[in-house]
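The stops below are meant to be selected in order.

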Amino acid sequence: MLYGDAEDAELWERLQLEGLEGVILTMPEFQARLGAVEALRGRRFAGLIGVVAYSDDEDKLLSQAGANRIFHPLVQAGQRLAECMLEAGEEKA
């Protein structure tokens with residue numbers, strides 16, 4: 001596992017991609033996430049790229065740039081919270 005500052009252009013130049021199976025991008029800034037996907041694909045990284053997105057508008061651009069998996073943490077957390085609330089309601093009944 002490797003941690004780095006995705007907004008540091010040198011990271012993408014120094015990063016050894018050989019043997020790397022996937023990258024997860026979770027930085028809050030959209031441009032940083034998009035730039036990281038583009039930098040990885042620009043270096044011909046063939047592995048999986050997973051990235052968070054906070055709007056449907058981001059999905060299209062991230063996919064076009066080469067992201068394989070897009071995760072919507074706010075939507076998915078809300079769905080899970082609703083499931084937990086329903087389960088708690090059933091337990092009370």
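Which residue is the bridge partner of Gly22 in β2? Select Gly22 and look across to β2: the partner is Leu48. Before going further, note that this is a predicted model, in which local features need pLDDT of at least 70 and side-chain atom pairs count only at pLDDT 80 or more, while totals for chains, interfaces and linings use all residues. Residues are numbered from 1 along each chain as its sequence is written, and side-chain values use heavy atoms, with hydrogens and water left out.

**The sheet**

Select the strands next. Helices (H or I, at least four residues) and strands (E, at least two) are DSSP runs, numbered from the N terminus. Three strands form an open sheet with parallel pairing, in the order β1-β2-β3. At its edges are β1 (22-25) and β3 (69-71), each of which pairs on one side only. From one strand to the next the twist averages 15°. Axes here are lines fitted to C-alpha atoms, for helices over the stretch in contact, and angles run from 0 to 180 degrees between N-to-C directions.

Two strands pair if DSSP finds at least two bridges between them; β1 and β2 have four, in the parallel sense. Ile24 is bridged to Gly50 in β2. Four of the five residues of β2 are buried, so this strand is largely enclosed by the rest of the structure. Buried means under 20% relative accessible area, exposed over 50%, and partly exposed in between (1.4 Å probe, protein chains only).

**Helix α2**

Now select residues 30-42, which are α2. This helix packs on the sheet, touching β1 and β2 (contact means heavy atoms within 4.5 Å), and its direction makes about 175° with that of β2. The end C-alpha atoms of α2 are 18 Å apart, in agreement with the 18 Å that its 13 residues should span; the expected span is 1.5 Å times one less than the number of residues.

Colour the buried residues of α2: Phe30, Ala32, Arg33, Leu34, Ala36, Val37 and Leu40. They pack against α1 (9-14), β1, β2 and α3.

Just after α2, stop at Arg44, where phi is positive at about 65°. Most residues other than glycine have a negative phi. Arg44 lies in the loop between α2 and β2 (48-52) and is exposed, with a relative accessible area of 73%.

**Charged side chains**

How many salt bridges does a search of the whole structure find? There are three, a salt bridge being a side-chain nitrogen of Lys or Arg within 4 Å of a carboxyl oxygen of Asp or Glu.

Show Arg33 and Glu58, whose side chains meet in a salt bridge at 2.9 Å, N to O. This pair links helix α2 to helix α3, 25 residues apart in the chain, and both Arg33 and Glu58 are buried.

Then move to Asp59, in helix α3 (residues 56-65). Asp59 is buried yet has no salt bridge, and the nearest side chain of opposite charge, Arg33, is 7.5 Å away. Lys and Arg count as positive and Asp and Glu as negative; His and the chain ends are not counted. Not counting residues up to four places away in sequence, Asp59 touches Ala53, Ile70 and His72.

Finish at Arg80, Glu83 and Glu87, linked in a network of salt bridges. Arg80 meets Glu83 at 3.1 Å, N to O, and Glu87 at 3.7 Å, N to O. Arg80 and Glu83 are three residues apart in helix α4 (residues 73-92), about one helical turn.
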